Amino acid sequence: MAGLETSLRSSSTDDGGPLLVERHDDRVVAALNRPDKRNAIDQSTIDALHLLCAELEAIPRTLILTGSGGVFASGADISQLRDRRAADARAGINANAFVRIALLPMPVIAALDGYALGGGAELAYAADIRIATPSLKIGNPETGLGIIAAAGASWRLKEIVGDARAIELLLTGRTIGAEEAREIGLVGEVHPADELLPAAHAIADRIARNDRAATMATKRVFRAPREEHPAVDLEEQAVLFESPEKTRRMTEFLERKQK
């Protein structure tokens, strides 16, 4: 791990390829980068996302996902998707990458601008927190192309916005804008385009002020299946109760109250 940490410090930015990656001590910003294809998600993008996940699994940091050129992701690359067959569907090419993103140890923030359609929407659904610009257009038009939204929308979307709203959006393939997305809880905040990334960094700053171990435990507990509660909560809390950082933070809190 020490070797990887040294490598990250010496190479803070990846300047090319389908994913532009900017590294900081406590966060990583990754921008989808296929502007000529409106950042459509192809195999090279999936490969780059897997490499990024491996890095963030080894050295956990908050991830800010965004797109370049005023677009998050217009969907999966249809030119590749058209040629895929049953074996490709069962391989879960996009689905497995998005599951891996959702399971990253630290929070994932999706900063959405312009189109977030199909696979692009499903990538956004894998994030813990979503914010957007007023130009956001998000939805799952897959049934119009003769397929289903099989990279997470069929089960993740209802966890975010509820069953009734999710099935209506999936069956109609309707694209919604930023205000409706905020109204139904699909995005938490809407910001002008030039304030989108600063807003994402502000969220990352707030997360960074909290205890790292408690943040990671909160995400693990939140993602755990319902049948594992409350046992999983209590086990995570038991570990944190023995943490020197918990004692330090609570002592500082009590001392501030006494002043």
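Which side chain of opposite charge is nearest to R156, and how far away is it? The first view gives the answer. All views show a predicted model.

**View 1. R156 is a buried residue without a salt bridge.** R156 lies in helix 7. The nearest side chain of opposite charge is E159, 5.7 Å away. A salt bridge needs a side-chain nitrogen of Lys or Arg within 4 Å of a carboxyl oxygen of Asp or Glu. R156 has none. Leaving aside residues up to four places away in sequence, R156 touches F98, V99, A102, E122, Y125, A126 and A151.

View 2. Helix 8 covers residues 163-172, and its buried residues are A166, L169 and L170. Seen down the helix axis, these residues fall within an arc of 95 degrees, so they line one face of helix 8. They pack against helix 7 (153-161) and strand 9 (176-177). On the other side of the helix, A164, L171 and T172 are exposed. Just after helix 8 comes G173, which takes a positive phi of about 70 degrees.

**View 3. The structure holds one cavity of 30 Å³ or more.** The largest cavity has a volume of about 40 Å³. Its lining is made up of Y125, I138, G139, N140, L157, L169, R174 and L186. L169 is one of the buried residues of helix 8.

**View 4. The largest pocket has a volume of about 800 Å³.** The lining of this pocket counts 28 residues. D128, T218, K219, F222 and R223 lie nearest the pocket centre. Several elements each supply at least two lining residues: helix 5 (93-102), strand 7 (129-132), helix 7, helix 11, helix 12 and helix 13 (244-258). Helix 11 gives the most, with six residues. Helix 7, one of the contributors here, is also the helix that holds R156.

**View 5. E228 sits in a loop between two helices.** Helix 11 (212-223) lies on one side of this loop, and helix 12 (231-241) on the other. Is E228 buried, partly exposed or exposed? Its relative accessibility is 39%, so E228 counts as partly exposed. L196 is 32 residues from E228 along the chain. The C-alpha atoms of E228 and L196 are separated by 36 Å.

Notes
Residues numbered from 1 in each chain as written. Predicted model: local features only at pLDDT ≥ 70, side-chain atom pairs only at ≥ 80, totals over all residues. Heavy atoms only, no water. Buried < 20%, exposed > 50% of the residue type's maximum accessible area, 1.4 Å probe, protein only. Helix = DSSP H or I, 4+ residues; strand = E, 2+ residues; numbered from the N terminus. Arc of directions from axis to C-beta. Contact = heavy atoms within 4.5 Å. Lys, Arg positive; Asp, Glu negative; His and termini not counted. 1 Å grid on protein atoms, 1.4 Å probe; cavity = no way out; pocket = protein on both sides within 12 Å on 5 of 7 lines; lining within 4 Å. Points joined across faces, edges and corners; volume = space filled by probe spheres on them.
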